[in-house]
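Dear colleague,

I am handing over the structure below, and I would be grateful if you could look through it alongside these notes.

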Amino acid sequence: MKLKKFVPVAAGAAVLMALAGCTGGGGSSDKATVNWWTWDPNQAAAYQQCIPGFEKENPNVTVKISQYQVSDYFTKITAGFVSGDAPDAFMNSVTFLQSYASQHQLLALDDKIKQDKVDMSQFAIGADAWKYTDGKQYALPMDWSTGVLYFNTDLLAKAGYTPEDAAKFTWNPQDGGTLWKAIKHLTVDKNGVRGDEPGFDSKNIATYGMSNLESTGDPFGQNAWGWILPNDGVNIPNKNQWATVFNYNDPKVVQGVKLVRDLANDGFTPQLNQFTTASNEQLASGNVAITLGGTWEASTYAALKDAKVGIAPMPAGTDGKRHAMSNSNGNNIWAGGKHIDQTWKWVSYQESEACQTKTATYNASFFPSIGASMEALTKQESAKLPDFHVFSDYVKNDELFPSPIYNNGSALTNAMVPQFEAYFTNKADESIFQKMQDQSKELLAKK
């Protein structure tokens, strides 16, 4: 998800809001309306299903859910911090943890968690991503997402591949492993010649082996090339939390990203921005045989009528191990809220197994952080999409690691994305990787 540039709140305003949070807690028995925000319409609708049960248990508390477009969402939250009318609690991207926590806008939840004996071990994934540099827990994890390979089963079968073969694809930064071999074989030109056969015409493609992998929406290409690199032990930050440098010039990173560009240059994947249709439409029409997509797209692919779709995990590294990067949104409480106790009641209810299971099975577009709720969702969705177990297998096999947490995210995105775009459109060469690494060190040091 591409987030709108963050504009920091003035230090003085931050202090005032923090003080407001100290004085406006509100008793747990007081009548109150708790305002909760999200940018996701699916989650807004799903959490509405939990309100009746919560309000029955807490008759003095009314919950109001508001959903805003992501393009405006974080600007509205920031403006609310300044004006004093931010939502009591809100879904947040970890990208903004550093900005909001450092300005004292977020309530540390450790005392509340201890007070109510919340079992943090029930969260199979995402909890650690919401610890700030002070070691405190600033959110309960709401969901998680990662990447998988969606494939057109008919196209794979025609090329001699089975779903079992797809589940065993490997990747390495030297030659791309068996996934790259498959992409080339699955590519077919308009004369019916495959990409690994003599006479292949790379300028006239009927079916690409895979959809474009060159997405550049963030410093790690998380929705494309960034999901592939870790599967052979490549991690760009020098440490996953609060990195001091991004190792873009690591030979494995340079080789891996070059392999992605070469696929497009050689006609095996589309060029950047070549198609205006969505990846699921490309897969259904036969324009591509495989597409790398997110967990949130599973229900969309399951609903396709023009193609039978299978799901395979991300390729394993040469050692046979798989390391998939995951994101986890969190449920924050505003430190300046007037109804802290009642807000905590709602947030902790949202993050209970009962509510998480209800929301996940109501709308399968997002996956719950609680392991038992994920199992319930898998049982339900496997009836529609037999390969759905691939998602829960990531969790069972401990193959997920959290996306990096770092300072100055917006500035890094603004600096790195244009350079990656220049590289993928052949307007820049490998010399940019050292330049980006040097820039990252400078930007990460800024607060």
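Predicted model: local features only at pLDDT ≥ 70, side-chain atom pairs only at ≥ 80, totals over all residues.

Residues are numbered from 1 along each chain as its sequence is written, and side-chain values use heavy atoms, with hydrogens and water left out.

Pocket and cavity

The second largest pocket has a volume of about 770 Å³, where a pocket, found on a 1 Å grid over the protein atoms alone, is an open set of points with protein on both sides within 12 Å along at least five of seven lines. Volume here is the space filled by probe spheres set on the grid points, which are joined across faces, edges and corners. This pocket is lined by 33 residues, and Asn212, Ser215, Asn223, Asn273 and Ser279 are the ones nearest its centre; a lining residue has an atom within 4 Å of a point. At least two lining residues come from each of helix H11 (279-285), strand E9 (288-294) and helix H17 (409-424), and E9 gives the most, with 4 residues. Helices (H or I, at least four residues) and strands (E, at least two) are DSSP runs numbered from the N terminus. By class, the lining of the second largest pocket comprises 11 nonpolar, 18 polar and 4 charged residues, with Ala, Val, Leu, Ile, Met, Phe, Trp, Tyr, Cys and Pro counted as nonpolar, Asp, Glu, Lys and Arg as charged, and the others, Gly among them, as polar.

The structure also holds 1 cavity of 30 Å³ or more, a cavity being a set of points where a 1.4 Å probe fits but cannot get out. The largest cavity contains about 60 Å³ of space, and its lining consists of Phe220, Gly226, Leu229, Pro230, Val234, Asn235, Ile236, Pro237 and Met325. Of these residues, 7 are nonpolar, 2 are polar and none is charged.

Helix packing

Helix H15 (residues 371-381) packs on helix H16 (residues 389-396) at an angle of about 155 degrees, with the axes 9 Å apart; axes are lines fitted to C-alpha atoms over the stretch in contact, and angles run from 0 to 180 degrees between N-to-C directions. H15 is therefore roughly antiparallel to H16, a term for angles over 145 degrees. On the H15 side the contact (heavy atoms within 4.5 Å) involves Met374, Glu375 and Thr378, and on the H16 side His389, Phe391, Ser392 and Lys396. These contact residues divide into 2 nonpolar, 3 polar and 2 charged.

Best regards

Definitions and conventions
Parallel < 35°, antiparallel > 145°, perpendicular 65-115°, else oblique.
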